Structure formats: C-alpha cells, structure tokens
Amino acid sequence: MSSTTTDGRAGLFLVFEGVEGAGKTTHLRRLSRRLDRQGIAHIVVREPGGTRAGERIRDIVLDPGSELFPETELLLLLAARAEFVRRVVGPALERGELVLGDRYELSTLAYQGAARGIGIETAREVNDFATDGLRPDGTVLLRIAPESGRGRKTEAADRMERESEAFHDSVAEAYDLLSRTEPGVIVIDSDDSPDVVHRRIWTSLSERWPDRFPPGEERE
C-alpha cells in the first residue's frame with residue numbers, strides 16, 4: 001500500500017488531542033518508542049512550539065502570570081502555528097516523513113473556539129488562514145472525563161490547567177462534538193491502563209495505515 005495521502009503529499013501527519021491529563025504526551029512518546037524499536041522513521045512535534053518563535057509564544061500563553069484576552073490568546077497560538085506549519089510540518093510531509101503531533105487544530109476549536117467563547121467557526125476560519133489549510137491525516141482523540149484527567153496531573157499547573165471546572169467541561173463537550181463532525185478523528189477511551197490504551201491506539205492506526213503501523217502484537 002502506498003504511503004501517499006489522499007491530497008497527494010507523501011508524508012503522514014497524525015495528531016494526538018484530548019483534555020488535560022488525557023494522556024496525549026504519554027501515549028505519543030510510547031508510540032514513538034515503539035516506532036523506533038521497529039525502525040520506522042518519524043518525528044515528534046508539539047504545539048504550541050516546535051520552532052524558536054513558537055516556544056517563546058508557548059511560554060507566554062501557558063505562563064500562569066499572563067493575562068490575555070481570548071482574542072489575544074487565539075492569535076498568539078495561531079502565530080506559533082503559522083511558523084510551525086511552514087518551518088516544520090510542511091517540509092517534513094514534503095519529504096515523505098511520518099509526523100506525530102501533540103495538539104493541533106482541534107485544540108484551537110475546543111479551547112479558544114468553544115471554551116473561550118470565540119466561536120468554533122470563527123476559530124476555524126482564522127486557523128485555516130494560519131495553516132494555509134493544512135489538515136492532519138488523522139487525529140487520535142483520547143477521551144476521559146475532565147475531572148479524571150485533572151486528577152492525574154502531578155506537576156505544577158500551567159495557565160490552561162488552572163482554568164475553572166466549567167472551562168474544562170466546555171472543552172470536553174467541544175471535543176465530543178468535534179469527534180462526530182470532523183473528518184479523520186479516531187476516538188480512544190483512555191481511562192484504562194497504559195498498556196490497554198496503547199494497544200487500542202496501535203490497532204486503530206494499523207487498520208488505517210498498515211504500512212506505517214504494522215498490524216499485530218509487538219515482539220519484545
């Protein structure tokens with residue numbers, strides 16, 4: 001099977017999404033380690049960040065001391081994404097690489113569009129301008145109750161994590177809506193052991209892209 005996507009690019013862009021504490025970073029790293037062991041080339045990127053400018057913007061947006069209007073937050077995040085797409089993701093996809101991302105456009109639609117009250121369609125329009133319409137080939141949405149996810153956090157909370165319970169409930173509701181309306185969303189229940197969740201992720205990915213994620217149990 002060819003690894004060329006339906007829009008003609010040679011690479012594959014997959015994104016992990018979810019509420020705080022859903023396990024995005026944990027499972028992205030675990031997936032990366034398995035790919036390494038199997039000799040499957042890939043890169044791992046995160047948002048906001050991934051570029052020099054993006055990392056500086058990340059510091060501003062996640063700093064608990066930052067006081068930002070919703071519109072300011074949205075535009076900062078999308079400024080970082082514009083750099084990220086043009087300097088990192090786009091060139092990698094042109095080279096035919098597998099790109100694994102920690103957050104992308106669904107975060108913007110859920111956090112800024114829905115929970116911040118900007119509106120999902122407004123956030124989508126500005127996002128499309130920033131990314132020149134670059135969409136992921138697939139989005140792994142790790143689903144867990146917001147209160148359960150926040151209960152997993154052990155590090156000092158950043159600005160987003162410190163938001164109210166109502167804010168995080170709005171994010172979760174938006175993700176549920178987007179999982180039913182956006183193309184390419186793969187919903188994985190993550191309120192289980194890491195081993196079980198990883199197997200669910202790998203199985204789902206191997207069903208869609210068996211050349212990138214070979215089916216079957218891993219041999220240690």
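User: What makes the 2.8 Å pairing between the side chains of E47 and R81 a polar contact?

Analyst: The side chains of E47 and R81 are joined at 2.8 Å, and a polar contact is a pair of N or O atoms within 3.5 Å, where within protein one must be able to donate a hydrogen and the other to accept it, and residues adjacent in sequence count only if both atoms are side-chain atoms. This is a predicted model, in which local features need pLDDT of at least 70 and side-chain atom pairs count only at pLDDT 80 or more, while totals for chains, interfaces and linings use all residues. Residues are numbered from 1 along each chain as its sequence is written, and side-chain values use heavy atoms, with hydrogens and water left out.

User: Why is E47 called buried?

Analyst: E47 has 5% relative accessibility and therefore counts as buried, the term meaning under 20% relative accessible area, with exposed over 50% and partly exposed in between (1.4 Å probe, protein chains only).

User: What puts the buried residues I120, A123, R124, N127, A130 and T131 on one side of α5?

Analyst: I120, A123, R124, N127, A130 and T131 are the buried residues in α5, and they lie on the same side because they cover an arc of only 125° around the axis, taken from the directions from the helix axis to the C-beta atoms. The face turned away from this buried side carries the exposed E121, E125 and F129.

Methods: Helices (H or I, at least four residues) and strands (E, at least two) are DSSP runs, numbered from the N terminus.
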